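Thanks, everyone, for making the time.

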Amino acid sequence: MLLSSRSSRSLARSAASSLGRGIHSTGPSSFSSSSTSTASLPSSSSSSSCSSSLPLSSLSSPGPSTSQFQKTARFSSSNTGSRRTTTSSSSLSSSASSPRYDALPSFLRDLSSQSTSSRKPPPPFIKASVKRTPEVTIPSSSKDVEWNHVHGTEEEGGRNAPSKVVFQPGTILEALKAQTRIIGVVLDTVILEERLRLRMLTPAGTIVYPYAESVLFAFSSNSIPLSLIQQTGIVDLEMTASETAARSKIVGSLRQILTDSTELRNEIDPVMDEAWERFRFKAFEEQDEEARRKRVLVTTAQVAEWVKEETERRREARRILEGGEAKVEKEETELFKELRLHRVYRSMMKRPECFIAQETAQWKTEIWRVRSEEDVKEMELVDGWMKSKHHNIPSFITKCQTIIDHTRPLLSSHLASSSSSPPPSLAPLDSDPSLPTFTTSDRVILSHIQSSFLNSKNQRSPFASTVPTLLKKIDRYGGTVDAKATFQFLVEVGVRTPWDDVGTMFGLIELEARAKEDDGVRDLFEALEKKEEVEAKKGGKSVKSSPSLSTYNSLGPDEFYPSDPLSSIRHDFGDLPVYVIDDIEASELDDGVSVERSSKEGHVWIHAHIADPTTLLHPKHRLSRLAAQRSSTSYLPQGNFALLPEEISIERFSLGKNGKLVAGEGQECMTFSAEVNESSGEVVDYKIRAGIIHNINVTTYSTVCQLLGGRRRPTSFPLGSPLVRPPSKLLSEPLPSWTPDLQLLLRTSRAVAFRRLRKGGLNWSLPAFNVKVSPKPLPSLPVHPSSSSAILASGSPVVDYEVQSPATDEATEIVSIVMTLAGNVAGRFFRDRNIPGPYRTYPSPVGTTQDSMAQLLESRDPRTGNVSPFDIARFGVVFLPGAMQSRPGAHWMMGLEEKEGGYVRVTSPLRRYADLIAHWQIKHALLVEESEKGGGKSSSLETALMNDEEMHRAIAAADSISSLVQQTQRKSLSFWGAYALSRYARTIDPNLVSNPAPNDDLSSYPPIPKDVFEPLPTPPAGRLGPYRSVILGSSVINGADQSRSSVSVLVPELGLQFEATHPSTEGPYEPGDEARTLLDRMDFGPRPGVAGVVFR
C-alpha cells in the first residue's frame, strides 16, 4: 500500500467493518482479527470445512466435487513440477482486465462527487486509502516459527524465498473442523470460496480443508521432509502409485508422532495438575480482594519449560528414592521439544477452569490468561452448591426474580425515551424496603455468572453446568439462555449498566488493571522535576556531555537518564518550520514534517521529526518494562489507555509539549531525513539524527487541506447531528509562509508514492464508521459485584455515530507518505550497518488464477494505485499475512523492496513499544559511531544494542501483545456501534415494531427468520432498514442449516460491514451485487455485533 496510516488510533477506529458477528474485514478501513490471511474483502464464513475421504487402504477417493472447487487455486512451492489443475468460475475467467466500474451499484457511483481532485474522479470506494492496509503479523512468542516463508526449491530462492503460503508444506498442525480438533500435515494451501484453506493429510489418510484461521497449534520443526511432500501430488481424484506411496509414508510418520505424543501425556499430565497453582497470581495476605482477582498472562513455552524442569525433578527424586543409578540424559531433539509443547498446549486447552485460550491466533501468540484465585474458588463453591442443592441457590433465585420484576419496567421505560435521555447515572435501590439485598453468597453467585463472559469459544465452558441452569430457574429469559441473556440479567439485577462494554472489560487484556499500574509514577516525576529545578537555579543541567555506553547498564529501574545521551551530537534545525498535523482530538503528537531545498538542483530534503521519549527512558526503566507489557496505546471510544504515562506522552515529549513549549527552548526529537529527487521521487541519500526543533506549528488536517485548496474528506452522521464536543487544543495560527512548504511536500510526496507504485502495492477503501462517547469517564459499577443492593442505571451516554468517506485528502497524503518514507530510512540505516531492527514485511498477494493478479494490477489507477474492492473479490485475490523480522524484507503493499532497506516503524514511540525498540537501537549505533575516531558507518554487530536473537524475542513479544490490544479495540468499537444503532432503532420506534424506510412497504420484504431474531422479554434492539447494500463476498451455505446461506455485505450509509443471511434458494450473491439489508439484531455481550437479512 502506498499511503500508510500514521496513527494506530485511526486504525483502531477504522475497525468499524468488524462490527458484524463472525466477519473480520481485511480491507484498509478495518483490522483483521485472524492470525492468518483472509481474502482481501470479508468473505462469508461457514462452520464446516471441506474434506475428501481417502481411506488408508487405497488412499484414493472421489474427493470434492468439481463445483465445490470453483474459484479454487493452489499455490505452493512444494509441488513444483507436479501436475497442476486450476479451476475457476466463469465469472472469473470472463473478467475483463480493466476495472468494471460500470458494474458498481449506481447509488455507490453517485458518491464520487465528494472527490476534491481536479481530475475526473474514479468511482467511489476506490480512492486512495488513508489507512494502512491491515497487516496480520506472524511472530513467534517463544520459538523460531517460520510460517511466513516458503522454504522451497533452489530454483525458487530456497529458504529466503518470499512467502506464498501461510504454513510451510510439511508443517504439522492442529485445527478446528466443524468444532472438532483435527491434526494433520500441510500439503499445500488453496483458495476456496474466496478464503485461504489448508490442504491437510490426516492420520486416517483423509484430506481435509480447514480454514487457515482455524489453526490452534503449529509445530515449528518440520518432521515431514519437503521432498516427500512434493511427491504427494495436488489432485485428490486420481493418484499415481508413487503419490499414494508418498502419502502412506507421511501417514505412517504422523501416526508415530502422535504415538510419541501419547506417551508424553502420561508423564506431563500429572505435572500439569499443579500448573495453575504455579502460575496464578499469588496475593499476599495483607492484599485486598482485587489483588486476589488479578489474572496474569503466560505463554505455552513458559509452562512447557516449567513442566520440563518439574518432570526432571520428579524423575530424579524417584531415582534417589529407588536407589537407581544416574543416567546421562540425551540431548532433546527439536521434534521432542515440539511434542512437549503440543502436549502442554492440549493439557491447558482441557483446563478452561484454570487457563483461558485466545479466541484467535492462539497458535501464533501462545498467550493464555491464568484465572485468578477468586475465579477458581467461586467455580468450586457455586458448582458445589448446585450439586448439593444448597439453600443458597433457591434464595438467590427468588431475590433475582423480585429485583428483575421491579427493574425491568423502569429500564424499558427509560429505553423507550432514548431520544431525549438524561446523562447516565447510577442509583442504589436500597430505599425500597420491599426489595431484597444481596448476601455474601449471593455476590459470589453473581460474580460467577459474570465470569462466564471470560471464556474462549475454542474451549469447553466451565460454566455450562451452572450459569444456564441458574438463569433458566430464574425463569425470566424464555428458552434462550446465552451471553446476550446473561448480559441482560446482570443489567436487570443491578450488577452491570447497559453501557458496559463487557467485551473489553473481560477481554484478553484487562485495561482497567493496566491503568492502575501507573501508581507511583507521579512520585518519579516529582523527584525529576525537583532535580531539574535545582539544576536550573545553578544555571543549567549539571551534565552536558553524553554518558558513556557503560552508563546504560548501571542505571536502575527507577532512574532516568542523568542527561540526554545524545546531547553532544544533536543537530539544531534552527527556525525550520515543522508542521505537526493531526486530528483536533489527538493528544499524543509524536510526529511532524518539514522540507527544505537540497544543494542539488531539483532535490529536496524531507524530514520526519519524531518525539523522543528515549531521551529520558532507558530500556531497563520501570516505565519501559511497563510499555513492553502494554505493547501499544489502546484507543477505545469510552477512553484511552496510554502506552506511557501522560507525564511523558503529553506533558514532556508530545511535540509542542501540549502548548507549553517555552519560546527559544527547543524540543528534542529524532529526525529521519530523505533527500529526494523532486520530479522522479527517487531517494538519493538519507540521514538519521538526534535533533532539536524550535519552530513547531501544531495544526489540523482540515487546516492543511484548506491551505492546499482542498477539503478534509467528508464525514456524515446518519443517526443524527453530532453532540460530542472535541477537546480544546492550542493550535498554531496558519501563516501564508506555510503554503509553499506544504505544496512542495505534497508534490514531492506524490512523486515518491508514484515511484513505489511501479514496484507493487494496491490501494482501496470502503466507508467506515467511528463513534465518539461522552461523558468520559462514564459512570461505572465495580468490575466485581460488591454492593448489597441492586443499582439501577438510568440515562445514557451520548454516542455520535459518524461515517468517514472513502475519499482521501491532501493533508493525509502528506503525513502518510512522509511517515512511510521515515520507516524506509530507518530500514536503510539498519541494513547499511548490518544490525537487526524491528522490520515489518509483507508478501505479494496471490490469485485464484494465473492471471488474477495481472488483471488486478492492470486495473489500478496509474497515479494512486486505487483498485475497486469488488474487483479484488471478483478476481479472487487473497492477501497473505505480513510478518515482523529482524532483517530487511520486502513490503509489497508499500512498494518497498528488500534491496531498498524495507520498512521499520519508528514514527510513534509515544504509542508503540516496537518503535521505542527501534529508537534505542538507532541511538546506540549513533553513539558507537560517534565514539569511533573519524566517525563513519560501522558494519560490526557491536553497533547493535540488541543482537538478532534479542531483537527477535523483543518484537515477537511486542507483536503478540499488540494483537490482543487490537482485538480489544475491535470489540469495543463493535459494542459502541451496536449500542448507537440500538438506541437509534428505539428512537424511531420505541415499541420495537419493524420500521421500514420512508415510502417502503415492509410487507414486500421477507420476514425475519426465527433462528435469526428471537427477542427476549426486553429486546436489546429494534429493527432497522431496509438499507441499500452491496455484496462483498459470495454466498456460502451454512454448515448447521443448509436452508440458509451467509454473505458479507456493506451498508455504505452506515459504513458497516457484517454477515447477513438469506434463504439458500434465493442466492447465490456475488461481489458487487446490489441488495437490500435489514438489521434485526444488536448484541452487547462479550462478542458484540449486529446481524441481519439480505434480499434483492
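Predicted model: local features only at pLDDT ≥ 70, side-chain atom pairs only at ≥ 80, totals over all residues.

Of the 1096 residues in this chain, 61% count as buried, where buried means under 20% relative accessible area, exposed means over 50% and partly exposed lies in between, with a 1.4 Å probe and protein chains only. Residues are numbered from 1 along each chain as its sequence is written, and side-chain values use heavy atoms, with hydrogens and water left out.

The chain has 28 helices and 34 strands, these being DSSP runs numbered from the N terminus, with helices (H or I) of at least four residues and strands (E) of at least two. Among contacts with a separation of 6 or more, 77% are between residues 24 or more positions apart, a contact being heavy atoms within 4.5 Å.

Let me turn to helix packing. Helix H5 (residues 241–272) and helix H9 (residues 334–349) have axes 9 Å apart and pack at an angle of about 55°; the axes are lines fitted to C-alpha atoms, for helices over the stretch in contact, and angles run from 0 to 180 degrees between N-to-C directions. That angle makes H5 oblique to H9, given that under 35 degrees counts as roughly parallel, over 145 as roughly antiparallel, 65 to 115 as roughly perpendicular and the rest as oblique. The crossing of H5 with H9 is right-handed, which is to say that the near helix is turned clockwise from the far one by less than a right angle, anticlockwise being left-handed. The residues of this contact divide into nine nonpolar, three polar and five charged, with Ala, Val, Leu, Ile, Met, Phe, Trp, Tyr, Cys and Pro taken as nonpolar, Asp, Glu, Lys and Arg as charged, and the others, Gly among them, as polar.

In the second pair, the axes of helix H24 (residues 810–833) and helix H27 (residues 913–931) come within 11 Å and cross at roughly 50°, which makes H24 oblique to H27. Their crossing is left-handed. H24 contributes Phe829, Phe830 and Arg833, which meet Ala918, Gln921, Ile922, Ala925, Leu926 and Glu929 of H27.

In the loop between H24 and strand S26 (839–841) we find Asn834, which has a positive phi of about 55° although it is not a glycine. Asn834 is partly exposed, at 37% relative accessible area. Ala361, also not a glycine, has a positive phi of about 65°, but Ala361 is buried at 7%.

Two individual residues deserve a moment. Ile445, in helix H13 (residues 440–451), is buried because its relative accessibility is 0%. Its C-alpha atom is separated by 6.4 Å from that of Val382, 63 residues away along the chain. What does the side chain of Thr407 reach? It reaches the backbone oxygen of Glu492 at 2.6 Å, a polar contact being a pair of N or O atoms within 3.5 Å in which, within protein, one must be able to donate a hydrogen and the other to accept it, and residues adjacent in sequence count only if both atoms are side-chain atoms. Thr407 lies in helix H12 (residues 392–416) and is buried, at 2% relative accessibility.

Finally, the peptide bond from Ser774 to Pro775 is cis, with omega near 5°.
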